[in-house]
Structures are given as structure tokens and as C-alpha cells.
Amino acid sequence: MKHLLATDGLDADTATAVLDTAEELKHVLLGREVKKLPTLRGRTVVTMFYEASTRTRVSFEIAGKWMSADVINVSASGSSVGKGESLRDTALTLAAAGADCVIVRHPASGAAHRLAGWLTEAGTSVVNAGDGTHEHPTQALLDAATLRERLGDIAGRRIAIVGDVLHSRVARSNVHLLTTLGAEVVLVAPPTLLPAHVDRWPVTVSHTLDAELPGLDAVMMLRVQAERMHGGFFPSAREYSIAYGLSEARLRALPEHAVVLHPGPMLRGMEIASAVADSQRAAITQQVANGVHVRMAVLYHLLAHEEEVA
Ligand code: CP
């Protein structure tokens, strides 16, 4: 059985193979008017999103279509989930209907692992497109692809992940992948937005963004996830923005070569100034573009390459 559920446990060779495939696919498609490869003809990919998404959902759909797979999108509101059907029954229904791969986003951490357990027997692959506050492995892979393009190599680079680490599946997946690929990761956040077990992660922790900026090769800004903070959050939005927002002054404090990442969606004026997000130093649209090639590569390794990714 072949799935991509997490970057925790994904070895460097496998991650590098996916990144190399993505780079090759990008090169092959560059400048082509018709972006269509026959690789996954006859395969069926189903996206099943129980949470909102723009980038992940659209790029998986484009990735599947560019590889000639049949892509079907299922959302909680437009399916029998709305009538009370369980995740398990929905998944088994999709597998019985002929899905070769199910791409799932779900608010519950661990949902993708549960799905993989139920679909193993049917031979259907599962890709985690974000489960609660747990993991978002394809986001980390597309971030790594972008860092490779901008910096050449990830090993030995110092990368800060800044902001709401507590609620961020993007942060978790990036911590695992970037450290596996040899980067030094520093988490920069107020104590209230760090997970309790952060001391078990292979990272250093800082509460002072200004002190970190001059030594960085890349800075990854995170969205403050108000939807997961039911009692509000501390510090206040204004205090947070002053202490942790990437302003134009802070951009100037970074080394010239340092790259700015954000997984999106961005809260402009909160965690990142508009002028910074739109600057040449930011790789935000490049991340989105790479997301298509990385997701093509993941589908290729799961459905065409016949090897286990994680
Ligand atoms: N980065 C990301 O997962 O964006 P979406 O929620 O739009 O998919």
C-alpha cells in the first residue's frame, strides 16, 4: 500500500526523489502550450475536502489533469456527508467506485491515517492534504522545492518558521522535512503559540524575531489561525503584529539572499506587510506554482512509480 500521510518518517532519499521528479516535470512542461502528459491515463483521483482550501485543492486537481488522470472533487457540503455519512463509509464508497487515490483534507488530526487504514485492503492510495493541526506534507514538499530553487541547497541553511506554530500543520511538516534535508530550523513565536512538546522537536526556539533575522537564509511566515482559537488569543492581534509581523524594516534586516515564504492564505498587515508579500524577496506565488509540480510528482510516485512514499 502506498500513501503520503506525513513528512515525519519520510526519509531524505524518498523526499529528494519526489523533489527531483517535481523539478523534472516542471522542466518538461516549461513553455508548453498544452500541459498534458499521458502518465496517469485511466487512473482516478478523488479529492475529498472537509475544510476550506484554494491552493491545495486547485493544485491537486490541476496536477491530476496535467497527468491525464480523471479527477473528481467531493466536498462535505455537496456529498452524502451532509446527510450524516461517516468518513469511513464515504471512503469505502469512493474506493468501491474505483478511486485509485483519495486526497483528503479534514479538521481532525489523524483523519488521513484512519482513512489509509480503511483503504489499504482496497488498494487505494491516500494523500494527506492537511489534517487538523497535525501535518500537511505536500505543503512542506512544495516549500522545499521553492527553497531549492531559490537557495540551491537546503542542507546547512538556517530557516525560521514564525508565528502560530501551535495550530500549524504546515509548521510540523516543515520541521520534519527541512531537518531531514539537513536544515537548521528555528521556531520564532510567543510562548502561547508554541506546542507543549516543542522541546522534543529537532529545532531551537526563540521569542524574538529581530534577534534572528540577520542569521537567516529563509523566513517562513505562518497565518494566525483564529478559527482554531475558540477563546481568542494572546498576545492581541496588534501586539502580535508589532512583535512578529514581517514589516519592511524587518525585511531590510534579513541578509540580501534570504527568501520569504508564506503557505497562504495570508493575512496582509497581520503576519506580513503587503509590500513584503509583493516584493521580489517573497516566493509566495512561486510556492503556489511549485505546488502543482510537487503534487504531480507525488501522484507519479504513488500511482505510476509503484514505490512507497511514506
Ligand atoms: N497552503 C494551503 O494549504 O492553502 P489552502 O488552504 O488554500 O489549500
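How are H1 and H11 oriented to each other? They are oblique to each other, and the views below show this pair along with other parts of the chain. Keep in mind as you look that this is a predicted model.

**View 1. Helix H1 packs against helix H11.**
Here the two axes lie 8 Å apart and the helices meet at an angle of about 120°. Angles of 65 to 115 degrees would count as roughly perpendicular and those over 145 as roughly antiparallel, and H1 and H11 are therefore oblique to each other. The crossing of the pair is right-handed. On the H1 side, look for Val-18, Thr-21, Ala-22, Leu-25 and Lys-26. Their partners on H11 are Asn-290, His-293, Val-294, Met-296, Ala-297, Val-298, Tyr-300 and His-301. Sorted by class, this contact of H1 with H11 has 8 nonpolar, 4 polar and 1 charged residues.

**View 2. Helix H2 meets helix H11.**
H2 covers residues 55-66 and H11 covers residues 284-304; their axes come within 8 Å and cross at roughly 55°. That angle makes H2 oblique to H11. You can follow a right-handed crossing here. H2 brings Arg-55, Ser-59, Phe-60, Ile-62, Ala-63, Gly-64 and Trp-66 to the contact, while H11 supplies Val-288, Gly-291, Val-292, Arg-295, Met-296 and Leu-299. Among the residues where H2 touches H11, 8 are nonpolar, 3 polar and 2 charged.

**View 3. Helix H5 also packs against helix H11.**
The angle in this pair is about 115°, and the axes are 8 Å apart. H5 and H11 make a right-handed crossing. From H5, the contact uses Thr-138, Leu-141, Leu-142, Asp-143, Ala-145 and Thr-146. From H11 come Gln-286, Gln-287, Asn-290, Gly-291, Val-294, Arg-295 and Val-298. The contact of H5 with H11 contains 5 nonpolar, 6 polar and 2 charged residues.

**View 4. Helix H6 is largely enclosed by the rest of the structure.**
H6 runs through residues 169-180, and its 12 residues reach 17 Å from the first C-alpha to the last, close to the expected 16 Å. Of these 12 residues, 11 are buried, so H6 is largely enclosed. The buried ones are Arg-169, Val-170, Ala-171, Arg-172, Ser-173, Asn-174, Val-175, His-176, Leu-177, Leu-178 and Thr-180. What do they pack against? Their neighbours are helices H1 (12-29) and H5 (137-151), together with strands S5 (125-131), S6 (158-162), S7 (184-188) and S9 (218-221). After H6 comes Gly-182, with a positive phi near 95°.

Most residues other than glycine have a negative phi, and most peptide bonds are trans. You will find Pro-265 in the loop between strand S10 (259-261) and helix H10 (274-277). Ser-68 sits in the loop between H2 and strand S3 (70-75). A residue needs 20 or more other C-beta atoms within 10 Å to be buried, and 12 or fewer to be exposed; Ser-68 has 15 such neighbours, so it counts as partly exposed.

**View 5. Leu-94 is a buried residue in helix H3.**
H3 spans residues 87-96, and Leu-94 is one of them. Within 10 Å of Leu-94 there are 23 other C-beta atoms, so this residue is buried. Leaving aside neighbours within four places in sequence, Leu-94 is in contact with Val-46, Met-48, Ala-99 and Val-102. Now find Asp-164, which is 70 residues away along the chain: the C-alpha atoms of Leu-94 and Asp-164 are separated by 35 Å.

**View 6. Leu-166 is buried although its place is in a loop.**
The loop in question lies between S6 and H6. Leu-166 has 21 C-beta neighbours inside 10 Å, and so it counts as buried. Not counting residues up to four places away in sequence, Leu-166 touches Leu-193, Leu-194 and Pro-195. Val-188 is 22 residues away along the chain, and its C-alpha atom is 11 Å from that of Leu-166.

Methods. Residues are numbered from 1 along each chain as its sequence is written. This is a predicted model: local features need pLDDT of at least 70, side-chain atom pairs count only at pLDDT 80 or more; totals for chains, interfaces and linings use all residues. Axes are lines fitted to C-alpha atoms, for helices over the stretch in contact, and angles run from 0 to 180 degrees between N-to-C directions. Helices (H or I, at least four residues) and strands (E, at least two) are DSSP runs, numbered from the N terminus. Angles under 35 degrees count as roughly parallel, over 145 as roughly antiparallel, 65 to 115 as roughly perpendicular and the rest as oblique. A crossing is left-handed if the near helix is turned anticlockwise from the far one by less than a right angle, and right-handed if clockwise. Two residues are in contact if their C-beta atoms, placed from the backbone, lie within 7 Å. Ala, Val, Leu, Ile, Met, Phe, Trp, Tyr, Cys and Pro count as nonpolar, Asp, Glu, Lys and Arg as charged, and the others, Gly among them, as polar. The expected span of a helix is 1.5 Å times one less than its number of residues.
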